[in-house]
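Please read them alongside the coordinates.

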Amino acid sequence: MLPLDISAVELLPDEIARFSRHLTLPEVGLVGQKRLKAASVLCVGVGGLGSPMLLYLAAAGVGRLGIVDFDVVDHSNLQRQVIHGTSWLGKPKIESAKARIHEINPHCQVDLYEIALTSENALEIIRPYDIVCDGTDNFPTRYLVNDACVILGKPNIYGAVFRFEGQASVFNLTRDSPNYRDLFPEPPPAEMVPSCAEGGVVGVLPGIIGLIQAIETVKIIIGVGTSLSGRLLLFDALKMGFRELKLRTSPERPVIDRLIDYQDFCGMGDIAPEAGAVASITVSEFKALLDSAADDILLLDVRTPKEAEIATIAGSVLIPLDQIESGSALEQLRHLLKGKRLYVHCKLGGRSAKALIALKRAGIEGINVAGGIDAWSQEVDPSVQRY
């Protein structure tokens with residue numbers, strides 16, 4: 001049980017009315033509700049996972065919530081990041097979240113950190129909080145959150161989502177508990193990890209996983225039930241099924257006594273030199289090139305067919321990245337390239353760089369259209385739908 005001091009904590013008449021359904025629960029009662037009010041929780045990220053976590057932790061009566069995020073609300077967020085609304089488009093997510101939290105529970109203290117969590121600031125930011133909820137969407141930050149929690153002795157409530165599948169666990173509940181490095185001793189190759197922007201995620205899924213993280217947080221604060229510590233909960237929305245894997249501490253797990261360069265640890269440093277070797281061109285430069293010499297240019301689109309249904313750049317040829325990396329489309333591409341110069345684009349520029357790296361190994365040279373169709377829509381042709 002968390003060592004919370006509730007000796008001076010009092011519930012106001014409004015709070016007694018607000019949390020009456022908790023107070024009548026034998027597992028919560030007055031003491032449990034005071035523990036919630038005395039607790040402090042830091043949520044790293046206020047996206048798909050952070051949104052439901054923060055909403056329900058505030059509604060449950062957690063007295064202090066910290067939010068780390070440096071992004072602004074975008075149209076593409078609203079499908080799953082339910083703490084934000086249309087009126088907050090273009091504004092900081094942390095400010096949107098704070099406003100919504102105070103509508104739900106005006107007694108909740110909300111601390112805002114509009115910065116990226118880094119090895120330089122993580123320990124200082126996390127130290128004042130009792131529990132950390134990981135609402136991030138990338139491996140470097142997950143390892144950073146994990147290692148900082150291990151060093152500071154903080155429970156780490158983990159969740160992750162992709163497409164129709166999600167997972168959740170509780171790491172570092174005690175010094176002897178499994179942590180994230182017991183689940184992933186080594187990060188997967190960076191080029192094998194598509195983002196949600198590339199791979200997609202069904203909007204309801206982060207709500208399910210985020211709420212599992214929220215209930216685990218509440219249970220740990222109150223000190224009831226059995227947590228997910230030592231267990232990885234897997235959820236498949238298409239099959240509507242849960243299954244569970246046991247997690248144990250590994251005798252080979254490294255001692256974590258300092259924070260490192262997590263971009264480098266997760267292979268971003270390995271990819272950067274190779275990706276940097278790929279020539280690139282801005283969308284504005286590419287538009288000028290098309291206007292002057294379009295006949296000898298082949299624009300290759302390496303997105304998925306589903307993405308191409310949403311929007312395309314006129315004249316582009318669609319060959320998805322997986323067909324290029326597998327080599328199945330090389331002969332088709334060589335035929336299309338006869339007498340033409342190759343330019344490659346995707347949504348944001350990452351997959352097109354990967355395609356060019358794979359093509360270079362096959363003896364095919366090309367140039368990356370930096371920023372992809374998203375930059376094209378913003379800077380060249382606003383009639384192309386953004387997504």
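1. In β12, the residue bridged to Asp301 is His345. The strands concerned are β10 (residues 297–301) and β12 (residues 341–345), which run parallel and are joined by 5 bridges. Helices (H or I, at least four residues) and strands (E, at least two) are DSSP runs, numbered from the N terminus; two strands pair if DSSP finds at least two bridges between them.

2. This is a predicted model, in which local features need pLDDT of at least 70 and side-chain atom pairs count only at pLDDT 80 or more, while totals for chains, interfaces and linings use all residues. Residues are numbered from 1 along each chain as its sequence is written, and side-chain values use heavy atoms, with hydrogens and water left out.

3. The 5 strands of the open sheet pair in parallel, in the order β9-β13-β12-β10-β11. β9 (280–281) and β11 (317–318) are the edge strands; each has a single partner, so one side of each lacks a neighbour in the sheet. Helix α17 (residues 350–361) packs on this sheet and touches β10, β12 and β13 (367–369), where contact means heavy atoms within 4.5 Å. The direction of α17 makes about 140° with that of β12 (axes are lines fitted to C-alpha atoms, for helices over the stretch in contact; angles run from 0 to 180 degrees between N-to-C directions).

4. Asp301 also forms a salt bridge with Arg303, at 2.7 Å from N to O. The term denotes a side-chain nitrogen of Lys or Arg within 4 Å of a carboxyl oxygen of Asp or Glu. Asp301 is buried, at 1% relative accessibility, and Arg303 is buried at 0%. Buried means under 20% relative accessible area, exposed over 50%, and partly exposed in between (1.4 Å probe, protein chains only).

5. The whole structure has 15 salt bridges. In helix α10 (residues 204–222), Lys219 and Glu216 lie 3 residues apart, about one turn; their closest N and O atoms are 2.6 Å apart, and both residues are buried. In helix α13 (residues 283–293), Asp291 and Lys287 are 4 residues apart and form a salt bridge at 2.9 Å. Asp291 is exposed at 56%, whereas Lys287 is partly exposed at 29%.

6. Which side chain of opposite charge is nearest to the buried Lys154? Asp130 is, but at 5.5 Å, and Lys154 has no salt bridge (Lys and Arg count as positive, Asp and Glu as negative; His and the chain ends are not counted). Lys154 sits in the loop between α7 (139–152) and β5 (156–162). A polar atom of the Lys154 side chain lies 2.9 Å from the backbone oxygen of Arg127.

Conventions:
Polar contact = N/O pair within 3.5 Å; in protein donor to acceptor, adjacent residues only side chain to side chain.
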